[in-house]
Structure formats: structure tokens, C-alpha cells
Amino acid sequence: MKRVALAAMILLISGFSYAQKSAKSKPLTSYVNPLLGTATLWDPKDLGFVPTHRSWGAEVFPGSSVPNAMVQLTPVSQFHSGSGYQYEDTVIYGFAHTSKGHWNLCYIPLMPASGSNFTADDYKSAFSHKNETAHPGYYQVYLPRYGVNAEMTSTLRCAFHKYTYKPGANKKLIADLAMSNERVHDWKINKESDNIISGYQAAGEKMYFYAVANHKIISIDTLTSATNPMGRPAGARQKNLSPPGPKKTPVLSFANGGSDVLELKIGFSFVSVANAKANLEKEMLNKTFAQVRSEANQTWENLLSKITVTGGTAKQKGLFYSTFYRSFLWPALRSDINGDFTDANGNVVNKGFNYYTLPSIWDDYRNKDELLGLLSPKVMNDVIKTMIDMGNAKGFMPTFFHGDHASAIITGAYTRGLRDYDAKNAYQLMLKNATVEGTRKYVDEYNTKGYIAEDEVEHPVVNTVRKAAVTKTLEYAYDDYATAQLGKALGDNANYEMLMKRTKNYKNVFNPATGFMEGRLADGSWVRNFDPNYVYYEYMYRESNAWESTFFAPQDPNGLISLFGSKAAAEKKLDAMYATPYDGHEADNMSGFIGNYCQGNQPDHSTTYYYYFTGNQPKAQLYLDSIMNHYYDMGKDHLAYAGMDDAGEMSAWFVFNAMGFYTFSPADPSYIVTVPLFDKVTLKLNDKTTTIIKKGHGRKITDISWTGKKVKGYFISDADLKKGQTLTISTQ
């Protein structure tokens, strides 16, 4: 009995020790849910209005990818709609190889099939979330129509499909190359040998592929449809649809002998089939599915382990690592393993760096690109080299959607120590943007008047298209500030002085009579048909209203506060923004309201921090906490964001605030300190370890100290953050 008791005690102790070890070594990838953000909001209480059609959710994809990869291998449940996948959908059309979270990409969709009871217009399969799995670097779903369990994983430039069929079932693969989320101009598929195919799809870009199967290809047949109607849901954007008419769809048939598992390893390139083949041979060809999946998971684990958190709830950790993961999927790699890429003029070149897609600049200049630079500096340096290369090809620094915010991205990176690029070249392009009519619309008017004049419209509506003059004026003033900072750092004092004078132009659209940033006519008078509650897409404001646009001058926050006459008056205005109910009209991109504050879109994502400048940091934290607690796992399935993730901007907002600091002015090398969600945050930066400690459980910051020394104010410098010491945030 004593021996039994002793053995039991040893087992108990060793089991407890193993449990402790397992708990400590739980992989960070296990906290990530790639399905977070795939659901859509329908409840008016969540949206702020009664929807008449599907609202725009986070629009993210749940499939396999590694950080900033060329390949995003993901299911398509709707073509021409966001990322191509909506959690509420019940069918899958196939598995595409590119996705961003906007209405584009979804290149080269493939669908495993069996039997012969399908057509070019009808080959989708139902699916259930009960038989679906999403994990960093891995996706799985069962397709009952064909009795196929589909699994997939990926590398930077390659995809691995693994389809397990029912015993004896014939194996087919539908390659609907006429479909993507963009207008398809041309496509081709060739049988290279018994088990190899190659080809391309030309849509927004031309993507080449080279694929090796583990079964012999018997034939490539063609299905033909009379029309091209598939996957056009009500409310989807129509501009990228392929033209109506006959659609030809290749169907590959494979030999049935041997294994019931069909494996397809595919290399991709935006240069050539030969490069796609080389990418496959170097990254994947000689590896098993289990190897590739394990390596993809480890790649994510290595990135996620740069930030470890202690304390907080299981939900908070899940949200943190899921948003962290989501922040590193875009921009996407476009150069091959040999360095070749197709430049902005369509020329194949090799310049010794990794070429990427353009960042979603208007959206993610605010925070995501700074997070990328903080944790993946080599990628960020190459992204900037890409932007410079695009600028040299076209004559102006590229921009995206609205504003001129490449200036903030590049200056912010430079002032944070990222300098592995030609900064003088970048600056000359930025300066040209600021002074020559081109990328910046209405720049001559802005430079002459000090603001951009808006038109008077008798009865404006949400979709009224004019200049978005207020937003442009505000944003150009900040872009001038960003350009000026780089000019100063490079010794161009004359242009620094000129640009800095223009940074005050935001004041020219402030109406002291109403306390709002408003549209002005060419003669200097104010636009008469003014309603601060009404959202416009391109009239006076860009995807916002006056409430959301009034607090934007990160280059001069104290100056903005002074426009209201006093800090108390400015705080009263902020209070009114959060307290005045949104008027309830439906506008795409606008959802997730606290009064007239909109977390579901980017324009006012820095607004809350202006409470710091009125002297009421705890009130800012009240709203920051509310947003983090309620706006990132919304809806009945707790899988919806308040609005579009926009290439990781929404996600990065959460990551920064959860850690306890935020990029209030992204062009500046400093961060505004907030109260972390976690008791302890450890960051591995430049081979040094920085620790953030939260003391107390309150929301009021009583003291900020850096390695024992009190910090004046609420900002911490990037240089200090990277020194590998301790930031202590005391609260009550």
C-alpha cells in the first residue's frame, strides 16, 4: 500500500509539474482565431442604424497565410464581396490564393469535386462551421456535396492543397479561372506533364502558377455556361465584375489509383511561370503537408512571441493575439525568391529587395505601419523601398484612396530609426507631392488659399461627390508636417519653414460659431447646408461627418484645443460628440457608434486621446476601455468587428492600446501612454527586452516612470521603448 501511495504521489507531483510546464509553454498561436472579423453585423443596436442590406464587416479572410506573404489561401463563399468569405454564408465556391479584405483579389480559385453532377454555373458546396477549422497557417473544411475534406497550408509564395476523398471516388478539380473579385481579362491553363499544370490569371494583376499533383492528370475538360452570373450577391460592388457572356471553366480529372488523398503543391509568381516553378522548388516541393503546416505555425509563433502578456482574461488574450495576427497579413509580397518583380510600369526588374503591394495608406498610416516597423523592421524598410520605387516610376510618391499619407509612414519610420532606403529620394518625392499638382488633388488651391474650397450643393446626400474639401485640408496640413520633419532631418531648412507654416491650415476650416470643422466656399464663406450629424463620402468630409472630423490635428493638439476658447469648452465638445446620438441613417463603412464617435471607420480613431489635452486622461481611458471590451467580438457569434479592418488598421489599434501606448501622431517618434489591458507586457525589440508594468487597477494614470525615472506628461519616445528597460504605468 505504501508503494502504491508513493507511486500515486509521484504521478501526482509529476502530473502537476507537467501541467505547469504545459500551461507556461502554451503556444501563442493557440490564442489566435482567424475567423474573428469574418462575421457581419445585422443588429441595429450594433450598427447604429437599421440595415437594408448586408453591412460591411471587418471583411477579413480565415484561410492560410504567413506574415506579409504573397499567398493568402482562403475559402470563397461569395465572389465580389469583401475578402470573398462571410461567416454567415452557407456555401463555398472554391479556394482562392490572394485576399486583402477589400473588393479585389481572390485570384485563381480552385474547387475539389467528385462525380459529374455539376456545371460551370453550379459547382458550389454547402458547408458547416461545425466541420471547419482555422488556425495560423492552416485551414480545413468538409465539403459534403463531394464528400471531400479540404485542408490547406502555405509558405510565402506557395500553396499546399490536401483533399481527402471518399474511398474509390473519382478526383476532379474545378479551376474557375474566369472568376475572381476583379475583372478577369485573360487566363490560361496548360498540362506540362502527367502530373504538372501551369498557367496564369490576368485580373488586376497577372498571377502565374506552376502546380504539381501527386496523381496523374487524365484530362483537362471544359465546362461552358451561357452567362456569368455566379457569386453576385445583392449589394456587392459591381465595378470589378467580369463581363457577362459565355464562361469556360476547366475541370481536371485525376487517376483514381493509390491514395484517396489528392495533394496539389502550387508555386506562384507575378513575373512568370518559370519563376513560379522556382518558388515552388525552393519553398515547398520536397516537403510534406505536415512539414509545411508546422513551419507556417512556427513562423507565426516566432512573430507573436515578440510580445508576451501576463494577466488579463482569456477573452482579452484571445483578442490580443488574434488582432496581432491580423495586423501582419498586409502588405503582401510581390517579388520572387530570386528577387524578380514587376514594377509599377510593368517592367520585370530585380533591385535586391523584397517588393510588396502598396500599404492601405489612408487606413493604416495611423498605426499598422508603425507596428509593422516596430516588430518587422526589415519588411517595413522594404515596403518603403517599394513605395519609393513606385514613386520613381510614376513621378510622384504613391498614395491610396485619400490624402497623402506616405509622408507620415516614411517620416515616422525614419524618425524611429528605420533608414535602410534612400531617404533623400523619398523626401524629394514627398516634397513634389506637397508642391506640385498631381498626387495631391487641388494642391495649388490649398497652397494659395490655405484651404480647399468646397462647392455649395442644394440638397447633398451621402453619395454626393465633390472635393471632400474639409478632410483634404485637415489631412494635407498633417502631411505637410510629416514632410517638414523629414526635410528638417535632412537639412532642408527652407522647405521646412515653408511646410511648417502650412501645418496651421487646419485652423482655416474651423468655424468658431459652431465649433466644427466645416466646408468653406471659394469666397471664404461657410457652406450653408451644414448638418454636423450627416455623413458624406466625398462632400466636405471623407467617409465621416463634422463630429468625426473636428478633432484632427495630431501635429498641433494643443493648438486645436485652443480654438474652442478653453480646455473646458473643448472637453464639453468632446463630451457632446459621445453623447449626441448618431442620426441613424445607413452609410456603408459607418458602424459601431458611441454617440457620433465611430469605431467602425478610421477618421476619428485618434479623437479619444484629445481628452488628454483637456486635462482629463481618465475620461479618455473610459472610452478606450469601452471600445476594447465591446467592439472587437460583436454579434451573435462574437466574431464581428465594429467595422472594416482595412488591411489591419482596426486590429493594430487594439494591439497598441492593449499594450498601453498608441501612435497618436504617427510621423513622430513617440507614443501616447494608455492603461494596458494586461498586468505585464514584454516586448522583444532589436534583441532587447522591454517590459511594461501596470500597477493598480484604476483607469487614472497617476505616474509614468521609465526605469525608475518619472516621465513628464503622457508620451514615451520610441528610442526609450527600444532600450530594453522598464516602463511602469501606475493607476488608481
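User: What volume does the largest pocket have?

Analyst: Good place to start! This is a predicted model, and its largest pocket has a volume of about 700 Å³. Of the 24 residues lining that pocket, the closest to its centre are Gly 204, Glu 205, Thr 357, Leu 358 and Met 390.

User: How many residues of the lining of the largest pocket are nonpolar, polar and charged?

Analyst: The lining of the largest pocket has 14 nonpolar residues, along with four polar and six charged ones.

User: Let's turn to strands. How do strands of a sheet pair?

Analyst: The general idea is that strands of a sheet pair through backbone hydrogen bonds, and they can be parallel or antiparallel. For a case here, look at the open sheet of three strands with the order β24-β25-β30, where the pairing is antiparallel. Strands β24 (661–662) and β30 (715–717) are at the edges with a single partner strand each, so one side of each has no neighbour in the sheet.

User: How many bridges pair β25 with β30?

Analyst: Strand β25, residues 670–673, pairs with β30 over three bridges in the antiparallel sense. To find the pairing in the structure, look for Tyr 671, which stands opposite Ile 716 in β30.

User: Which strands form a hairpin with two residues between them?

Analyst: Those are β6 and β7. In the turn, Gly 137 has a positive phi of about 80°. Strand β7 covers residues 138–143, and four bridges join β6 to this antiparallel partner.

User: Which residues of β6 are on the covered face, and which on the uncovered one?

Analyst: Strand β6 spans residues 132–135. Glu 132 and Ala 134 make up its covered face, while Thr 133 and His 135 belong to the uncovered one.

User: Now the cysteines. How many disulfides does a search of the whole structure find?

Analyst: The count is zero. To read this feature, compare the distance between two cysteine sulfur atoms with the cut-off, which is within 2.5 Å for a disulfide. Take Cys 106: the closest cysteine sulfur, in Cys 158, is 19 Å from its own sulfur, so the two are too far apart for a bond.

User: Are Cys 106 and Cys 158 buried or exposed?

Analyst: Here the cut-off for buried is under 20% relative accessible area. Cys 106 is buried, with a value of 0%, and Cys 158 is buried at 0% too.

Conventions. Residues numbered from 1 in each chain as written. Predicted model: local features only at pLDDT ≥ 70, side-chain atom pairs only at ≥ 80, totals over all residues. Heavy atoms only, no water. Pairing = 2+ DSSP bridges. 1 Å grid on protein atoms, 1.4 Å probe; cavity = no way out; pocket = protein on both sides within 12 Å on 5 of 7 lines; lining within 4 Å. Points joined across faces, edges and corners; volume = space filled by probe spheres on them. Nonpolar A, V, L, I, M, F, W, Y, C, P; charged D, E, K, R; others polar. Buried < 20%, exposed > 50% of the residue type's maximum accessible area, 1.4 Å probe, protein only.
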